Amino acid sequence: MDLMTRRGFALSADTVASGGAGSSELSARLKVLFETKLNAAMRMYLDTCARCGICVESCHVYASMPETRYSAVGRAEVVRKIFRRYFKVQGRFAPWLGEVLEFDDDTVRRLYDAAYSCTGCRRCMVHCPFGIDTQQIMGIAKALLLGADQEPKILSMLSDMSVTKGETIVDTRDAFAQALGNLEGEVLALWPKVTKRADGSPNAAIPYGQQGARVLYVALSGSHSMVNAAAIMNAARESWTISSFEAVNFAAFVGDSAKMKLIAARIVNEAKALGVAEVAIVECGTAYRVMRHMMGPQPFKVVAFVELIARYVKEGRIRLDDSLLEGDVTYHDPCQIARNGGIYEEPREVLRAVTPRFVELTPNRAENWCCGGGGGLISMGEMDFRMKSSKVKAEQIAASGAKVITTACENCHSQLVDLNEHYGLGLKVEFLSAIVAKALIS
Amino acid sequence: MGPEAVSAATEVAAGAVSAGAVSAVSAASSLPPTGLALVLAKVSWFIVVPGFYIALAFALVALVWRLVVIFRAPPPPFQLAIYPAPRSAFGAAMRDAFGMPQVRRKDPVFWVFLMVFHIGLFGIFFGHVDILPQVSLVREGSRDMIGAGVFGLMVTVPVFWFIGRRFKSPVREISTPGDYILLLLLLFTFLLGDLMSWGNSWTAQGFVMTKADFATYFDGLLKFKFEDPRVYLHGTHYHFLTLHLLLAEATLMVLPFTKVMHAFLSLPVNVVRRRVWT
């Protein structure tokens, strides 16, 4: 059974009324949509694959559930077969050669199956002899699903909510400031001192709207993403302020590049207005990658929060108790921060400061297995699929013998918590910022 | 030219690899072919002379067109690199494209066959270039093509292996009919090429069609003489040459529309993976 059917999705009434996804009007629209995605890299990704099969076993989903449709090439071929049909000579004269696919309801189902079984971890890209980016190819699949009105509605809804929040921020500023004030006690419990304003007066535990602050910290909606970070930055005597917006970018998950930029642009504009030197992104892999690598050059530097912590440790701006954690402690490299963001060593430097018993997962860094929660799957629920498709991840963690697993990504954390429970791994799952905040000493 | 004449020509040609033999064949060829033989002779000539120009021109134009379409497309809107970032993106991409370290790590046997195959491709390319009388990459007067047939084996044996691999899971499940047809096209082109470079020396008298004969044919192509190479390419091997040319021309013509494009895109696509710019 394909994912779409299993998830109880039916083709929308509009699609069915218009003759299904195969209707000529919709097909023409989807073809145009496809064409908008054909940049030079994408054309090379679609034309270069030799179907050598080297990537097949790279995917954690395939490694856990060995079906071709769950391999990188299996997923990409769905898009490639549409490409051959509508954009290649072969599709016109000898479609059977490439087993092309037309835009119809079955193809839409296959696109959904491919796109939303891929977490966009890009582990396959490490192994591909050509470096084909399956996440980008799945971007086409997601765009086509949007065009056919068959995307996961929860992701569209969350994405729209983010956009709306950006439009109504003026009305909600006071309520947000009040909510931040309610968290002060929790922050002070971790680190009782607060930074001072330029005039010497004490700052709020979570400063908000501070013009001229050095760092703009972009959190998530959950208080844990604010409290720990606030304690750490206050301990480091950082000049910082919190963003009005949450970092998460649901539009990136659903493949809506226009909304993705709109959501990220709210933060860019805020950072410019405040005149900050750095924007520190909360422990959220996708938010970091979007802001750091997808928004073009900015007048400020973009860092992942873990980089900021590592800098504080290195410069001696924070001191940490390394005796709080019991047993071996390991680290899960979030794909969007590590393999796709280049942050490998900083989290390890931080962990070595909080425990003498840091152990690596095998494989790790660029070769690390994805947790299985990315690409919007956490937001979509998908517990059954996430657990089955991440069996290899659970085995990897169990083999490490660690008692604590840390990570620096919200999605990874949620997925690791679920895996821990589902597979009875008996671990503590922690955010890096959480263990650092708890270990702060004066 | 009737079958008897060809047979006589073959016997004469096999008996002496010399200018004398050539003249004997020329004499045999001078008998005007009729009927089906005439049609076949014309088809053969079309394949080995104008067909070559057509295929080459078509492949070049189509290749340039495909590359223009690809490289005139907008660049990717953001960085698509993976980390760790190499010191030199181009250097790393060169290593990826020509050394295929990813394949070596995941499937060393496949890597060996791939390396042998691709080196062999370079070998047969230069082997063909060396046939031109204006070029001399090996010692003057050598009777063999470069590699004396070894490069032919270097491409042929791996193709057998590639076909076998494609019939095995999980590669079988990701293969399309086009993948098999392309491999078969290459296989038969190479096998017939082996027959030219190597198999046609398996006679008591050595080469039936000598390197010098091929040189005359190549020279004719280079100078657009449009003459019938049957005059100096002897014996029944000529039909295999015709088939070799036919399949090679088909390969050339489909090349720009198939995954063989990776020959031209492997380096730039690897640069995309390696280039860190944000």
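This is a predicted model: local features need pLDDT of at least 70, side-chain atom pairs count only at pLDDT 80 or more; totals for chains, interfaces and linings use all residues.

Mentor: Residues are numbered from 1 along each chain as its sequence is written, chains are lettered from A in the order in which they are written, and side-chain values use heavy atoms, without hydrogens and water.

Trainee: How many Å² do chain B and chain A bury between them?

Mentor: The size of an interface is often given as the accessible area lost when the parts come together. Here, chain B and chain A bury about 4100 Å² (1.4 Å probe, summed over both), 64% of it on carbon and sulfur atoms. B:Phe78, B:Tyr83 and B:Ile174 supply 16% of the area that chain B buries against chain A, more than any other three residues.

Trainee: How many salt bridges are there between chain B and chain A?

Mentor: A salt bridge is a side-chain nitrogen of Lys or Arg within 4 Å of a carboxyl oxygen of Asp or Glu. There are two between these chains. B:Asp179 forms a salt bridge with A:Arg51, with the closest N and O atoms 2.7 Å apart.

Trainee: Which residues have the most contacts inside the largest nonpolar core?

Mentor: Such a core joins buried (under 20% relative accessible area, 1.4 Å probe, protein chains only) Ala, Val, Leu, Ile, Met, Phe, Trp, Tyr and Cys residues through side-chain atoms within 4.5 Å. The largest has 148 residues, and those with the most contacts inside it are A:Phe34, A:Tyr45, A:Tyr217, A:Ile242, A:Ile281 and A:Ile318.

Note on methods: Buried area is the accessible area (1.4 Å probe) that two parts lose on being put together, summed over both. Buried means under 20% relative accessible area, exposed over 50%, partly exposed in between (1.4 Å probe, protein chains only).
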